[in-house]
Amino acid sequence: MAEIRLPVHKNILTLVFSYTGREALRLVGDLGAMVIFFALAFFNIFRKKQFIEIVKQIYYIGATSSLIVMLVGLFTGMVMGLQLFYTLVKFGSVGALGSAVSLSLVRELGPVLTAIMITARAGSGMTAEIGIMRISEQIDALSSMRIDPVRYLISPRVAASIISFPLLTSFFDLVGILGGYFTGVLLLGTNAGTYFYRVQSSINMVDVRGGFIKSLVFAVIVSCICCFQGYFCHMRTDGYGAKAVGLATISAVVISCVMILIADYVVTSFIM
Amino acid sequence: MESVPLIEFRNVSKQFNDKIVLNKVNARIYENQITTIIGKSGTGKSVFLKHIIGLLKADEGDILFHGKSVNKMDKAERRAYMSDISYLFQNNALLDSMTVFDNVAFPLRQTTNLNKKEIEKRVLQRIEDLELTEAIKKYPSELSGGMQKRVALARALVTDPKIVLFDEPTTGQDPIRKNMILSMITHYRKKFGFTAIMISHDIPDVFFISDRIIILWEGAVGFEGTYEEAVKLKLPIIGEFLRSLEGFQDELTGLLSREAFRMHYAGMLGGAATTTSVSAALFSVRMNLLDDVLGPQTALETLKLLGKFTNRQFNSVGGFSARHSRDQILTIFPHTTPDEARELVAGFALKLQQGALAGIESIAGRKTGKVVCFDIYIHAGITGIFPADEIEEIIAKAEAKQEIIATYRCDSGGSK
């Protein structure tokens, strides 16, 4: 049957609508694909011969990122110690410094900044590595050897992220609190006992649990987005080959960071 | 009656965006044969192979395995089908973060329950077979293109597959290595009994080892059958295509290519209907025996040396030569009677025995690093040519008259 095409008058309005519609459809399609991708990766975590691969990825995502995460945590805590000290002095409540630093870190800054740091360090690496494997047919080679690429490449990374993110977040929180101690107590002279008493008394299990829930959500988001972008980099329409890998890496980092902040708001609104 | 094909393409079509790559392709691949797919760049050769291994799905048509549609197989059948196939990628597709050993061991580690010791044994065997021992701890990026290809081949063969797909296995290799890889494919095919499906442009060598060829032409099958059938058909499109691939010279030996030889022969006999002044000699050396004793590389060096020696000796009297099988060289003497040809060949044999064959000992010693003991027998058969004789008839006549003309014997310390 002959296709009937209606005349389309191209003006700014139709262009805006068509662009919005196209992008919305693409976004919905990508989201659906990503959910299926994550589900496949998640269920393959529990297959045979995964343990060693997961340990290797924990080393890559977790162990090698720990130093940079702790360094950022230290300086974040130090800056907070400084800023909050001068703010609290104005209200005559310097004694609350420990509470302010620890609650900010455990509830909010720890999970968010750790996730962003891991995205920048390990997430971009994941995308680039998987992307290069895709364009050099290494992923096809896995399929031809009857090795499920999702099981071999994606599942260990998702599992390692789920394990590493909360651990690194706890390192970040701990070192951040120590950073606040350095500036607030050692440099500016707040009482050490008061600082640690306030830290201990103000943090409840609910705060710690909330921080960990966030870091788990971020782990899923970051690993899923970064692996997805690398795995399907050959299907990009804005670049091919090495350029596609580069663009996929940029997309992975940008989308992950934005999604971390959006998810942070959503999770916070649920757990508060 | 033809047997049921191992793999059959029925009206398979594949399109990427607007480009039709495969257009209702019908092709058959038989068990325990080497089938070679040839065709110009972009005619869908790799796409053809990727359909077999399931990396691509046909838009239309069906692929049958032992008469059963791959699309209609259940999960277990499909898994069994896939486990029988190995694929050697055009760009090797080695895992570049793993060493050579780990790359070869990878499919065994991931898809079998073999213990560490057994995996190590099998991997080391394949690595040794493909002369990769010195590269065992290296990464793919530290290897030459040729070595990477051999690593990929070792990985493809380590699981002892029943069907091996070779996507241009000899690309980027020198003539000796190309022939070594082709010899190896033949050798392993005989040893393990797998079916080989290969994309290659190494004419004529690929014809010497192929049981059937499939010529892909503008997305469809232009020809399917043996090389001899392709030549007998004398379709201009096939002749032109084969000539364009083959060139005028045999890369390994420096002799004429088969197509160039045919053209020379046709041109020579075209006007001159003489019956007595044209003769031919068919030289042969038992390559299989040399392969076993000296290894494939030295055996090929021997053939190369024989080709060069033949060219040098007979070009001066107007003779022209080409390889017509892996280990046979046919020389035509345009203005020579069979008796004169016999004298020429006797002189050639003497020089060959005194000079060239003794030189092989040094090649063998150089390659193996030790004193090697081996025997070489060069056979030759001389026959007159009649104007109506086809090349295949000349070969048959000369083959019937073959006798040993030169010998290198180990027990007499050289030529006898």
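User: Helices are DSSP runs of H or I with at least four residues, strands are runs of E with at least two, and both are numbered from the N terminus. In which helix is Glu53(A) found?

Analyst: This is a predicted model, where local features need pLDDT of at least 70, side-chain atom pairs count only at pLDDT 80 or more, and totals for chains, interfaces and linings use all residues; side-chain values use heavy atoms, with hydrogens and water left out. Residues are numbered from 1 along each chain as its sequence is written, while chains are lettered from A and ligands numbered from 1 in the order in which they are written. The helix that holds Glu53(A) spans residues 51-91 of chain A, and is helix 2.

User: Is Glu53(A) buried or exposed?

Analyst: Buried means under 20% relative accessible area, exposed over 50%, and partly exposed in between (1.4 Å probe, protein chains only). Glu53(A) has 11% relative accessibility, so the residue counts as buried.

User: Which residues is Glu53(A) in contact with, leaving aside its neighbours within four places in sequence?

Analyst: Contact means heavy atoms within 4.5 Å. Partners of Glu53(A) come from chains A and B. They are Tyr152(A), Pro156(A) and Gln110(B).

User: What is the phi of Asn11(B)?

Analyst: Asn11(B) is found in strand 1 (residues 7-16) of chain B. Its relative accessible area is 38%, so Asn11(B) is partly exposed. Most residues other than glycine have a negative phi. Asn11(B) is not a glycine, yet has a positive phi, near 50°.

User: Where does Glu168(B) lie?

Analyst: Glu168(B) also has a positive phi, about 50°, and is not a glycine. It is buried because its relative accessible area is 12%. In chain B, Glu168(B) lies in the loop between strand 7 (163-167) and helix 6 (175-192).

User: Is Lys75(B) buried or exposed?

Analyst: Lys75(B) is placed in helix 2 (residues 75-83) of chain B. At 66% relative accessibility, Lys75(B) counts as exposed.

User: How many helices and strands are in chain B, and what share of its contacts between residues at least 6 apart in sequence join residues at least 24 apart?

Analyst: Chain B contains 14 helices and 16 strands. For contacts between residues at least 6 apart in sequence, the share joining residues at least 24 apart is 70%.

User: What percentage of the residues of chain B count as buried?

Analyst: Chain B has 416 residues. The part that counts as buried is 55%.
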